[in-house]
Amino acid sequence: MKRVHYAWVVAAVTFVALLGAAGFRATPSILIVPLQNEFGWNRAIISIAVSINLILFGLMGPFAAALMDRFGLRSVTVGALITISAGALATTVMNSPWQLYLLWGVVVGMGTGCMASVLAATVAGRWFVQRRGLVLGALTAAGATGQLIFLPGLGYLAQTAGWRYAAVVVAVAALAVVPIVAFFLRNRPSDLGIRAYGATEADSMPTNTGSPILNAFRGLRMGVRSRDFWLLGGSFFICGASTNGLIGTHLIPASMDHGMPEVAAASLLAVIGVFDVIGTLASGYLTDRFDSRWLLFFYYGLRGLSLLLLPFVFGSPQFALILFIVFYGLDWVATVPPTVQLARRVFGAQNFAIVYGWIFAAHQLGAATIAFAAGAVRTFFGDYQIAFMSSGLLCLLAAGLVLRIARERPGRVEIPERARVEAPAYS
Amino acid sequence: MQSDPQPDAVLVSAPPEVTLVFSEPVTPAGAGIKVYGPSGAPAAGRVTSTGAVLKAQLTATEQGTYIVSWQVLAADTHPSRGVFAFAVGRESPNPFASLLDAGSAGTATPLGLALQVIARWVHFIGFALTFGVVADSLAIRPHQAFRRLIVAGVVMLAAAEPLALLAQLASLSFDGDTAVAVLGSNFGRLVGLRLGVALLAWTFLALPRLWPMLALGALDAVLDGAGAHGVPGWPLAGQALVAVHVGAIGLWVGGLVAFVTAPDRRFGRSAAATLGVAVGTGLALAIVHTEAGAALVSSDYGRAVILKVLVVGLAIGLAALGRRRWELAVAAGAIGVAALVGALPPAF
């Protein structure tokens with residue numbers, strides 16, 4: 001029997017690690033009410049902790065990539081898992097708001113930031129030449145799957161046994177992954193004397209040295225000088241704005257405004273989660289076969305059209321709304337594999353992870369901006385139509401941005417029908 | 001529009017609500033109905049709208065004259081507003097009486113009308129430059145210089161929408177509530193969709209082929225039709241006619257611009273075809289909206305139609321003489337008159 005390439009072992013371990021860490025992304029929404037009840041903290045205090053958590057989760061990306069370059073995948077992943085477990089365990093004995101800011105906000109935020117999209121991009125980039133898109137899709141879907149698995153169970157646990165049990169469960173889940181990661185996760189194919197999956201030449205990429213923090217900022221400097229960085233970052237900003245920011249935060253209240261019961265409205269998000277997993281895997285598969293710009297053009301274009309048509313859907317038959325939800329779910333983070341692939345093509349194998357970290361930060365910034373802006377629109381004006389339609393227009397803008405990536409001069413773009421076969425990964 | 005209480009009625013006791021009945025479904029713009037009591041205090045409560053009926057609850061404790069001010073958007077997005085007075089017990093002075101002089105009910109203000117005409121003109125010229133030039137370069141020949149024209153057209157398509165919003169506000173009132181109500185209405189959806197078309201046009205500029213742009217042009221013409229006056233008794237007929245009319249004018253003017261930029265003999269035949277369709281649909285619209293010509297002289301709408309016929313006739317004459325540059329200038333003027341016709345309420 002032919003032996004399984006070790007790259008698949010690395011991918012599987014990373015999948016499990018991302019799954020284990022996903023519980024932490026699901027937890028804040030569960031903790032809000034119990035923390036309010038126990039400590040009498042108001043929503044603003046808890047929102048501050050959640051905001052710190054989200055900002056650090058987003059900003060950690062480039063630094064995590066630089067750390068992985070310097071100290072290796074395994075040490076950074078193990079360190080991050082231990083950090084978030086410790087942070088979560090410590091919350092069970094906290095008694096004042098600053099401890100919540102420090103633990104949930106800073107410690108868990110930074111820890112989960114190391115376990116985010118950048119880890120998936122780095123693993124897929126180092127270990128795979130063939131099937132890279134598919135692996136990216138699977139690893140990206142791990143986060144979504146993890147939230148789907150953890151959210152209902154943790155919610156139940158927090159309601160029946162108390163929020164401390166929920167916190168302990170996520171901490172233990174993360175700790176349980178540590179030995180697996182420590183034993184099986186390897187830094188690079190060359191550490192085992194093999195080539196990346198599907199690579200024709202051995203990995204000869206030099207390891208980045210020097211301060212990881214400086215390297216992260218060097219990556220930013222390299223990025224901002226490139227037109228493609230702004231195109232990728234701008235489109236990813238819009239991606240975050242139109243998914244997590246708008247629909248993730250506001251679909252439920254908007255549906256309830258239009259007379260849908262809360263349980264039904266909440267299940268809309270679960271449906272999005274299920275189709276998200278399917279869509280992201282499919283997108284990874286497509287990324288291996290077609291030009292990433294075309295894929296992104298269709299993802300953003302169709303998303304924009306569906307947002308523009310959403311105000312016509314509310315108040316009409318439920319069937320149309322369900323169709324919208326299924327479609328939107330398929331498109332949810334499907335943008336990640338092609339975006340990573342484009343970043344790699346534009347910025348090269350050695351530097352793309354750090355630059356992609358910054359692009360991912362733009363994604364989180366977009367989510368935070370629109371979550372706030374759409375809420376403000378709702379609060380002041382009592383109608384979401386403006387928020388939904390302007391987000392739809394932004395997505396159409398993104399569709400135009402992505403077609404203009406990696407184009408030397410203005411004029412007609414020449415996009416091959418099938419993705420060009422990439423140069424061997426580390427030559 | 002009918003109201004209860006009727007304008008200038010003197011009632012024995014205060015009615016529980018003010019009811020307005022329109023000839024077609026409406027949505028309230030901003031507050032929808034405001035009522036000022038004899039002391040100037042607001043007297044209207046919650047405003048509800050069902051179809052063509054708009055109601056406001058009334059708490060009228062004072063004796064004297066009440067001023068009712070309303071503003072709505074019709075289903076075809078045309079704004080209208082009006083003011084009337086009624087009295088409880090006896091007539092009295094009212095600090096808001098000056099509102100009564102503000103003009104007749106159901107029409108846009110002069111500034112609103114002017115802005116609406118400008119917004120439509122910018123939109124139609126943008127439509128012609130974008131889709132007309134694209135069609136010409138696909139049907140006759142591509143040319144280097146066309147790209148700039150198309151980009152300018154896309155910019156005009158996008159720029160027309162904020163102008164259209166300003167025009168709505170100028171016809172109603174300049175305040176945040178009204179702006180949000182206008183954007184939250186049918187009109188807001190149309191603005192969103194038309195901006196979407198402009199953005200997609202910009203996106204399609206990066207495609208290797210131009211033909212998807214034509215599909216977009218057809219969509220835009222349909223959207224223009226959706227915002228047009230309906231024909232009573234003929235559902236969608238007015239809208240369909242306007243869509244074809246707008247499309248044909250866009251092809252004619254866009255082709256003219258392309259010809260003036262880079263002359264080509266084959267333009268003559270396509271110009272005759274597109275202009276023919278534009279004139280045919282235009283005449284059909286003129287006939288249904290002026291009661292078969294009866295209101296041609298008696299209404300503003302009819303007089304604008306006469307002007308449009310004269311200007312288009314001049315353009316056809318110049319075309320026959322082969323003076324294409326002059327034809328283009330007159331065509332731009334004809335689009336201005338067409339914008340005016342579209343903005344005025346039809347006689348029927």
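Two strands pair if DSSP finds at least two bridges between them. Strands (E, at least two residues) and helices (H or I, at least four) are DSSP runs, numbered from the N terminus. This is a predicted model, in which local features need pLDDT of at least 70 and side-chain atom pairs count only at pLDDT 80 or more, while totals for chains, interfaces and linings use all residues. Residues are numbered from 1 along each chain as its sequence is written, and chains are lettered from A and ligands numbered from 1 in the order in which they are written.

**Exercise 1. Find the strand partners of β6(B) and the bridge partner of T50(B).**

Step 1. Strand β3 (residues 17-21) of chain B pairs with strand β6 (residues 53-58) of chain B in the antiparallel sense, over five bridges. Within this pair, L20(B) has L54(B) as its bridge partner.

Step 2. Strand β5 (residues 44-50) of chain B also runs antiparallel to β6(B), and five bridges join them. Here T50(B) is bridged to V53(B).

Step 3. β5(B) and β6(B) form a hairpin with two residues between them. In the turn, G51(B) has a positive phi of about 60 degrees.

**Exercise 2. Describe the backbone at P5(B), D8(B) and R131(A).**

Step 1. The peptide bond from D4(B) to P5(B) is cis, with omega near 0 degrees. P5(B) sits in the loop between β1 (2-4) and β2 (10-11) of chain B.

Step 2. D8(B) lies in the loop between β1 and β2 of chain B. Its phi is near 65 degrees, a positive value in a residue other than glycine.

Step 3. R131(A) is in the loop between α5 (117-127) and α6 of chain A. Although R131(A) is not a glycine, it has a positive phi of about 65 degrees.

Step 4. R131(A) is buried because it has 21 other C-beta atoms within 10 Å. D8(B) counts as exposed because it has 12 C-beta neighbours inside 10 Å.

**Exercise 3. Describe the side of chain B that touches chain A.**

Step 1. On chain B, 15 residues are in contact with 20 residues of chain A.

Step 2. α3 (176-183) and α4 (186-204) of chain B each supply at least two residues of this side. The largest share, 10 residues, comes from α4(B).

Step 3. By class, this side of chain B has nine nonpolar, five polar and one charged. Ala, Val, Leu, Ile, Met, Phe, Trp, Tyr, Cys and Pro count as nonpolar, Asp, Glu, Lys and Arg as charged, and the others, Gly among them, as polar.

Notes. Two residues are in contact if their C-beta atoms, placed from the backbone, lie within 7 Å. A residue is buried if 20 or more other C-beta atoms lie within 10 Å of its own, exposed if 12 or fewer, and partly exposed in between; C-beta atoms are placed from the backbone.
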